[in-house]
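Have your viewer open and follow along.

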Amino acid sequence: MSLLVVGLSHRSAPVSVLERASLNADAQVKLLQDTVAAEPAAEAALLATCNRIELYADVDKFHAGVAELSTLLAQHSGVGLEELTPYLYVHYEDRAVHHLFSVACGLDSMVVGEGQILGQIKDSLARAQELHSAGRLLNDLFQQALRVGKRAHSETGIDRAGQSLVTFGLEQLARGGDVQEWARGKKALVIGAGSMSSLAAATLARAGVAEVVVANRTFDRAERLAQILSEGDDTDVLARAVPMESVPAELTRADVAVSCTGATGLVLTAESVAAAVEGRTPAPSAGIGSDGPAAPGGGSGRTAGPDTRQGGPSATSLGSEDGCPLDLSAVQGTAGFSVLGEAAVAGMAAADLEQHAAWVDNGTAGGAQRGAGPRPGAAGPLDPAADTDAIAALAATVATVGRIPERRRPEPVEEPRRPEPVLFLLDLAMPRDIDAAVHRLAGVRLVDIESLAEASAGAPMAADVDQVRRIVSDEVAAFGAAQRAAHITPTVVALRTMAADVVASEIARLDGRLPGLDDKHRAEITQTVRRVVDKLLHAPTVRVKQLAAEPGGAGYADALRTLFDLDPETVAAVSRAEDSTTQRDRGPA
């Protein structure tokens with residue numbers, strides 16, 4: 001049997017796909033049950049968080065295992081296999097071990113170094129043990145992953161490389177400012193009472209919010225969380241619980257709300273958030289109205305008025321540029337345009353346009369002649385040689401409409417300034433709890449999993465990350481050696497059992513031949529024969545365990561069974577007995 005993991009995470013799939021592929025608690029249980037019922041898998045465990053869905057299994061065939069696990073993920077997530085496949089990753093044997101150990105250390109988290117993943121791995125193992133879907137391999141793997149993660153956090157400064165997703169989200173709400181200063185005195189609403197919501201409530205309380213209101217579908221859980229917050233020694237926050245039906249009313253008085261529930265639909269719609277902030281948002285600043293920003297130089301933005309922008313000529317400057325080959329006296333009525341613009345060429349023939357373009361191209365026009373530089377927004381002049389077609393088109397336009405527009409780059413558009421937020425929302429749920437349309441509401445700042453993924457993409461990595469990677473590599477090698485050594489143990493036990501049976505059989509035969517043998521001599525002979533057998537088996541069994549622990553050592557068990565003609569069923573019986581003992585005696589780390 002071999003370890004296989006098939007999954008998708010924030011590193012392989014967009015948030016929209018992760019959101020659709022997320023599994024509720026019932027679906028997770030059914031997926032595990034169906035996985036161990038499938039032919040290629042003997043064990044299964046599922047790691048499902050906001051940022052990843054990974055199915056671990058002990059399989060007897062690689063290709064069949066990948067196909068079966070991928071199909072099961074698609075079936076239970078409701079995302080079609082063809083759509084899901086491009087986002088799936090597969091790790092096998094040591095690579096699968098390396099992946100889980102990296103996840104446990106926070107190296108694969110959205111926020112590098114966060115420690116919350118350890119609790120999620122522990123929950124995954126507990127669920128698999130409760131459903132009896134985890135055997136020896138996955139028990140060993142997940143418990144060792146927990147130990148590796150704890151070692152990384154205790155021996156390195158990986159905690160400095162990142163923080164929990166909650167803290168990172170609050171930092172984004174505060175736009176990178178000091179979270180405690182931002183949170184001080186605010187009223188907070190926490191929707192949900194699970195592990196992530198509890199962490200959010202505790203973090204907000206420690207940050208200095210004045211009040212935490214907890215809403216949950218199971219009111220008792222909300223009450224317990226509120227009580228824990230109220231009785232905490234490190235905060236003096238006022239905490240109370242409310243039913244989910246009170247969320248709309250509580251939202252109208254909240255300054256910040258964090259939502260992380262297991263709901264399959266939206267908890268907060270754009271309409272409900274808009275209603276909560278209605279009347280709380282300040283009016284837009286002066287000058288920003290429905291008609292957009294005022295045109296430069298005053299007026300409506302049309303070009304009929306004088307051009308008073310910096311660097312632009314005044315109306316009286318028209319036609320005064322020395323050396324201009326054109327007579328501009330006829331166009332004085334269209335004041336406000338430079339010789340670089342439409343007034344200079346209005347009604348001119350193509351030949352005159354060529355002549356004018358050549359003059360402009362030589363750099364003698366208007367402001368360029370005076371060293372003032374080109375007028376803001378104006379494009380470069382046409383080249384008569386390279387732009388013959390464009391000049392001809394301009395001439396045709398002149399003949400048709402009597403004027404042509406000035407060639408210019410698009411004017412920068414002044415974006416209306418949004419009012420400062422009066423409500424801050426943090427959505428840590430997958431699928432999302434808060435409608436993404438809330439991003440467009442004035443007076444509201446929403447940070448969700450998608451925006452957190454974008455913000456974390458460029459987050460700096462601490463130097464301690466390299467040390468954690470070395471720990472992971474060492475632990476993967478040690479785990480592989482231990483597993484390979486454990487793989488041969490049932491064969492060694494079966495060999496020693498066979499030897500003990502041979503000794504017992506020979507002593508019984510001796511009793512038949514020497515019926516008068518007294519107990520003292522019989523015991524001495526029995527002990528002598530056993531010592532001989534033990535000494536003969538000691539070196540081979542110790543050496544075969546050492547060889548089996550090395551890469552490629554799995555074949556030594558087969559060799560031992562062949563050399564000593566061991567019954568495969570006897571070896572399998574030993575394995576089953578050890579697995580049964582493991583299931584009974586081991587619990588979550």
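## The parallel sheet

In which sense do strand β5 and strand β8 pair, and over how many bridges? Strand β5 (residues 187-191) and strand β8 (residues 256-259) run parallel and share four bridges. Isoleucine 191 has serine 259 in β8 as its bridge partner. Before going further: this is a predicted model, where local features need pLDDT of at least 70 and side-chain atom pairs count only at pLDDT 80 or more, while totals for chains, interfaces and linings use all residues. Residues are numbered from 1 along each chain as its sequence is written, and side-chain values use heavy atoms, with hydrogens and water left out.

The β5 and β8 pair belongs to an open sheet of six strands, in the order β7-β6-β5-β8-β9-β10, with parallel pairing. At its edges are β7 (238-243) and β10 (444-447), each pairing on one side only. From one strand to the next, the twist averages 15 degrees; axes here are lines fitted to C-alpha atoms, for helices over the stretch in contact, with angles from 0 to 180 degrees between N-to-C directions. Helix α11 (residues 195-207) lies across β5, β6 (211-216) and β8, at about 170 degrees to β5, where contact means heavy atoms within 4.5 Å.

## The antiparallel sheet

There is also an open sheet of four strands, ordered β2-β3-β1-β4, and its pairing is antiparallel. Its edges are β2 and β4 (89-92), each with a single partner strand, so one side of each has no neighbour in the sheet. Neighbouring strands are turned by 15 degrees against each other on average, direction ignored.

Inside this sheet, strand β1 (residues 2-9) and strand β3 (residues 52-59) run antiparallel and are joined by eight bridges. Glycine 7 stands opposite glutamate 54 in β3.

## The largest pocket

On a 1 Å grid over the protein atoms alone, a cavity is a set of points where a 1.4 Å probe fits but cannot get out; a pocket is an open set with protein on both sides within 12 Å along at least five of seven lines, and lining residues have an atom within 4 Å of a point. Grid points are joined across faces, edges and corners, and a volume is the space filled by probe spheres set on the points.

The largest pocket has a volume of about 1200 Å³. It has 35 lining residues, and those closest to its centre are Leu23, Ala25, Gln28, Thr261 and Gly262. Two or more lining residues come from each of α2 (25-37), β2 (41-48), α6 and α11, with α6 giving the most, at five residues. By class, the lining has 15 nonpolar, 16 polar and four charged residues; Ala, Val, Leu, Ile, Met, Phe, Trp, Tyr, Cys and Pro count as nonpolar, Asp, Glu, Lys and Arg as charged, and the others, Gly among them, as polar.

The largest cavity holds about 130 Å³ of space, and of its 13 lining residues, Thr49, Asn51, Glu114, Gln120 and Leu165 are closest to the centre. Helix α6 (residues 116-130) gives the most to this lining too, with three residues. The lining of the largest cavity has six nonpolar, five polar and two charged residues.

The second largest cavity, at about 50 Å³, is lined by residues including Val15, Glu19, Asp427, Met430 and Arg432. Both α1 (15-21) and α19 (449-456) supply at least two residues of that lining. Its classes are four nonpolar, no polar and five charged.

Rings of Phe, Tyr and Trp (its six-membered ring) pair if their centres lie within 6.5 Å; planes under 30 degrees apart are stacked, over 60 edge-to-face and the rest tilted. That rule gives four aromatic pairs. Phenylalanine 101 and phenylalanine 479 have ring centres 5.9 Å apart and planes at 80 degrees, so the pair is edge-to-face. Phenylalanine 101 is in helix α5 (residues 94-104) and phenylalanine 479 in helix α20 (residues 464-513), so the pair ties together parts 378 residues apart in sequence.

As for the backbone, the peptide bond from methionine 430 to proline 431 is cis, with omega near 5 degrees. Proline 431 lies in the loop between β9 (423-427) and β10. Glutamate 93, in the loop between β4 and α5, has a positive phi, near 55 degrees, in a residue other than glycine.

Technical notes: Two strands pair if DSSP finds at least two bridges between them.
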